[in-house]
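I opened a new notebook page for this protein.

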Amino acid sequence: MEGREDDKKGGAAAGSSAPGSRFKNLVSREYYSHKKKVHSVAWNCTGTKLASGSIDHTARVWSIDPHGHSKVKDIELKGHTDSVDQLCWDPKHPETVATAAADKTIRLWDARSGKCQVVELSGENINITYKHDGTHIAVGNKVYNNRTWEDELTIVDVRKLKPIHKQKFPYEINEIAWNKTGDMFFITTGLGFVEVVNYPSLDVVCKLNAHTAGCYCIAMDPLDRYFAVGSADSLVSLWDVKELLCIKTFTKLEWPVRTVSFSHSGEFLAYASEDPFIDIANIQTGRSIHQIPCKAAMNSVEWNPKYNLLAYAGDDKNKYQADDGVFRIFGFKST
């Protein structure tokens with residue numbers, strides 16, 4: 001399926017000295033194929049393929065030329081029987097993508113053949129992340145027990161394709177992440193704190209009182225200096241990953257922050273909510289340097305790991321008020 005541009009063709013932007021000037025004349029391209037809204041977008045480790053997961057029960061893998069020259073190709077990944085809520089790529093293998101779905105399975109796909117391996121879990125899967133060495137996957141899911149929903153964390157051994165650890169929580173847990181060295185694990189919670197645990201022991205190190213409302217999303221700085229947490233209080237907090245101290249907050253949004261991502265250089269942070277724009281901030285100054293207009297609440301933003309290209313997807317509707325099934329990539333040159 002070919003992508004559609006919002007503007008004329010051009011490649012990913014090169015650097016520029018003035019903060020935000022490099023984004024000023026850049027445009028977004030639109031990519032259609034899903035039948036319903038897209039919940040998650042993620043780039044592979046080489047920045048050449050992007051995966052999208054949708055409530056239409058499918059994921060798709062798109063071959064994206066970061067310079068915008070060649071025709072876009074995509075492959076459909078079919079097999080899930082419920083909404084694909086989040087996906088992530090193997091950090092070491094550019095052709096392996098993992099999907100988490102509400103059908104109580106995660107699937108590891110070969111992005112070339114479309115074939116997959118299935119891991120059955122005990123609940124509706126919502127969040128998924130890889131350890132940076134590619135050996136383990138963590139999944140956050142909801143399990144129905146005795147007429148109530150419980151949140152559960154499951155760690156899956158990728159080589160054995162089996163769960164090696166399960167832990168239930170008496171409160172809501174949301175996005176999860178390992179630090180780059182893999183010896184610490186971070187769990188955002190609906191109570192406003194981030195639970196930090198050692199890995200693999202999962203012994204609690206501390207609970208960071210991060211926000212005054214639930215913490216929804218987390219992103220790790222690719223340079224291993226910081227992590228960022230987005231919250232229902234409309235703020236994003238930036239933390240020193242070693243000292244576990246809050247350095248600054250980003251305050252441009254007015255609605256709960258659903259998604260956050262660091263650029264490949266660690267220079268920029270993108271974050272989004274139900275506000276009518278995605279904010280891009282400079283990490284060092286904390287200032288907003290660019291805003292990408294959007295027509296709907298955003299579900300997922302993710303920077304390319306090699307280029308200043310930002311993929312984003314939300315609750316877009318068409319003129320008939322049906323799901324649009326679209327995602328976009330910002331950062332192509334306008335010529």
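I began with contacts between residues at least 6 apart in sequence: 44% of them join residues at least 24 apart. I note that this is a predicted model.

Next I checked overall size. Why does the radius of gyration of 19 Å agree with a compact globule? With 335 residues, such a globule would have a radius near 20 Å, so the protein's 19 Å agrees. I then looked up the box that holds the C-alpha atoms. Along the principal axes it comes to roughly 55 × 45 × 40 Å.

I turned to burial and surface. Of the 335 residues, 57% are buried.

Then I looked up the secondary structure. I found 1 helix and 29 strands.

In what order do its 4 strands lie? They run 11-12-13-14, the sheet is open, and the pairing is antiparallel. Strand 11 (124–130) and strand 14 (162–169) are the edges, each pairing on one side only. On average, neighbouring strands here are turned by 25° against each other, direction ignored.

Last, I went to strands 12 and 13. How many bridges join strand 12 to strand 13? I noted 10, between residues 136–145 and residues 148–157, with the two strands running antiparallel. I also looked for the residue opposite V143, and it is E150 in strand 13.

Conventions
Residues are numbered from 1 along each chain as its sequence is written. This is a predicted model: local features need pLDDT of at least 70, side-chain atom pairs count only at pLDDT 80 or more; totals for chains, interfaces and linings use all residues. Side-chain values use heavy atoms; hydrogens and water are left out. Two strands pair if DSSP finds at least two bridges between them. Axes are lines fitted to C-alpha atoms, for helices over the stretch in contact, and angles run from 0 to 180 degrees between N-to-C directions. The radius of gyration is taken over C-alpha atoms; the globule rule is 2.2 Å times the number of residues to the power 0.38. Buried means under 20% relative accessible area, exposed over 50%, partly exposed in between (1.4 Å probe, protein chains only). Contact means heavy atoms within 4.5 Å.
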